[in-house]
Amino acid sequence: MNRSPLWEQIDIHGACDVSIVGISKHAGKTTVLGRLIADAKEERRCLGVASIGLDGERVDSLSGIPKPAIWVPEGTLFATAIKSHGHNHAPVRWLEPAGISSPLGEVWIGQTQEEGPIELVGVRQLAHLLSLRKSFHELGADYVLFDGALSRMIAVSPEVADGVILASGAAVGNVDQVVRETLDAVQKLTVAVADAEVTAWVRKHWQPTGDVTNGAEISAETDGAPERIVYCHGAVTDETVLRWMGSSAPVWLIGRDPTCLFVSRETWRVFLRAGHHLQVLDRAPLIGVAINPSSPFGEPLDRHQLLAKMKAKIAVPVWDVMD
Amino acid sequence: MNDLRHIRPYGDTWDDGKVQMSFSLPVPYGEEAKEAARQYVAKLGLLEPQVVHAMDLGEEMTFFVLYAKATHAIDFTTIKVPKVESPVMDFYEINQFIKDHIGRKVVVVGACTGTDAHTVGIDAIMNMKGYAGEYGLERYPEIDAYNMGSQVSNAALIRKAKEVNADAILVSQVVTQKDVHLPNLTELVDMLEAEGLRQRLVVICGGPRLNHEVALELGYDAGFGSGTLAPDVASFIVHEMVKRQTSKF
């Protein structure tokens, strides 16, 4: 049996909780999820699956474009708003409420009793993912897969994922546009992790005092060296970066993890060129980039050209999931 | 017999599938233009396209109205539209509900974010005078409402929410061409997560192309479309706040 290239990379990283995020809507996240599920079945891996958006509905709620269904084998654990699970879905045994309410009703954790299609809906927050991951493992899942929504990056938080797959596809434009958008996302997902010394300094000086202090900054000039470390616990935006841009001494601007970085391409570039650094305390490894040359809005891209350009510029494995 | 599993449009007679559509084509007015419109509608999969009105718009553009026959049917029994389950209360009931169940003023911050300068939606919900005979949230004695207006950045909205210790955020997005509203709406929820605020805020979006299903996909708690009035939004906020006092999330 041929080993699945996606699972092979996941195993190399020793990841158990994998988040799939996309550079845009229709980037092919659900296709990647479907592929991982199908390959996992071959290798008899027990999965827990949830989506931070809305997955498995036949037609996209935003654009009306048909979406791929999520087809899972028997024994798959998943979380969804119980009311959205209809008679045309896989037969399921409902195990426990997830404690999440939604406009579509209460979210429950279920386990499929036969193979079939499922819908994933109702999960919206990082806190929901954290709670579900714990429940899935307790209920016997070997691996947990989280599907992101649109271009939301929250699922890559190292709190929930120990591996990330980026889906990138023709929905954002031509080959060069897709490559550029993908590189931006890759830059964010593979941002440098601060060294032990800087991390130790942050851990020593950062005193969380309740959730209201999130978003606060601490900074100090390092002893003896003409440098400054700035730790920003919440969102690092263009505004944050511009505040330190003019500093004559090099600034090490440290964010919590990639989900906290909201810095535009241009600002990031100028900041680095000014001799400063943008790093994070922690991040989940980027396992690979899955490309999807087909677009719901028009002609597909040249997949060979797209693959070649991506592979030339991206250090992690790049796959065409349709292969 | 009305078979709800196979529903087709009703024109002149039962189940005839007749639809009317209107559009413009960038071609000069004339018989060729009408034929182009007919062929276009046929290409959409509709039968018997009939141009019943064509008008010269000038600038080599023509406007058409056509009738045609649709062959597809849909199964009405499988349709599910998420709705807010909590009951909609009126102005007086909402204020009383806040006094009885929350015991302090509810703080709501609203804005049109990004480049959107169309405040008609957020104003209808928030302004003192309200809309269609319903007062806006600013009029509610038990609600502190802050309407930040238009073209507000996500960072500025979050700053305000922190400053006034908001319970709920309302974001209005009226301009949706090329889906410009989507990255903007998703950035806001991800920023709220980064700031550690997501869990304690009721986050709502509103606009002509938004509904609860879209809101769920975007990571919002609810999404209100056209025709929504202040009591719909306020009822959801206060019920959601009370629900959260007792639930895990």
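In chain A, buried residues are 48% of the 323 residues. Buried here means that 20 or more other C-beta atoms lie within 10 Å of the residue's own; exposed means 12 or fewer, partly exposed is in between, and C-beta atoms are placed from the backbone. Before I go on, this is a predicted model, in which local features need pLDDT of at least 70 and side-chain atom pairs count only at pLDDT 80 or more, while totals for chains, interfaces and linings use all residues. Residues are numbered from 1 along each chain as its sequence is written, and chains are lettered from A and ligands numbered from 1 in the order in which they are written.

I will stay with chain A for now. It has eight helices and 19 strands. These are DSSP runs numbered from the N terminus, with helices (H or I) of at least four residues and strands (E) of at least two. Of the contacts in chain A with a separation of 6 or more, 72% are accounted for by residues 24 or more positions apart. A contact means that the C-beta atoms of two residues, placed from the backbone, lie within 7 Å.

Next, a pair of helices. In chain A, helix H4 (residues 175-189) packs against helix H8 (residues 303-313) at an angle of about 30°, and their axes are 10 Å apart. H4(A) is therefore roughly parallel to H8(A). The axes are lines fitted to C-alpha atoms, for helices over the stretch in contact, and angles between N-to-C directions run from 0 to 180 degrees. Under 35 degrees counts as roughly parallel, over 145 as roughly antiparallel, 65 to 115 as roughly perpendicular, and the rest as oblique. H4(A) passes H8(A) in a right-handed crossing. Right-handed is for a near helix turned clockwise from the far one by less than a right angle, and left-handed is for anticlockwise. From H4(A), the residues in this contact include A:Val178 and A:Leu183, and from H8(A) they include A:Leu306 and A:Lys309.

Where does A:Ile52 sit in chain A? It is in the loop between strand E2 (47-51) and strand E3 (54-55). A:Ile52 counts as buried because it has 27 C-beta neighbours inside 10 Å. Leaving aside neighbours within four places in sequence, the contacts of A:Ile52 include A:Val123, A:Phe146 and A:Ile154, and also B:Gly219 of chain B.

A:Gly275 is in another loop of chain A, between helix H7 (265-273) and strand E17 (277-280). A:Gly275 is exposed, because 11 other C-beta atoms lie within 10 Å. Its C-alpha atom is 11 Å from that of A:Trp244, which is 31 residues away along the chain.

Now chain B. Seven helices and eight strands are found in it. Buried residues make up 39% of its 249 residues. Its radius of gyration is 23 Å, whereas a compact globule of 249 residues would have one near 18 Å. That radius is taken over C-alpha atoms, and the globule rule is 2.2 Å times the number of residues to the power 0.38. Along the principal axes, the C-alpha atoms of chain B fill a box of roughly 70 × 50 × 35 Å.

The domain assignment, which is automatic or from a database, gives chain B domain 1 (1-79) and domain 2 (91-246). The C-alpha centres of these two domains are 39 Å apart.

Two helices of chain B also pack together. The axes of H4 (residues 154-163) and H5 (residues 181-194) of chain B come within 10 Å and cross at roughly 45°. H4(B) and H5(B) are therefore oblique to each other. In H4(B), B:Asn154, B:Leu157 and B:Ile158 meet residues of H5(B), among them B:Leu188 and B:Met191.

How many residues does each chain give to the contact between them? Chain B gives 30 residues and chain A gives 37. On the side of chain B, the elements giving two or more residues are H4, H5 and helix H6 (212-218). H5(B) gives the most, with eight residues.

Last, two loop residues of chain B. B:Asn165 is in the loop between H4 and strand E6 (168-172), and its phi is near 55°, a positive value in a residue other than glycine. B:Ala132, between helix H3 (120-126) and strand E5 (143-147), has a phi near 50°, again positive. Most residues other than glycine have a negative phi. B:Ala132 is exposed because 8 other C-beta atoms lie within 10 Å, and B:Asn165 is exposed with 11.
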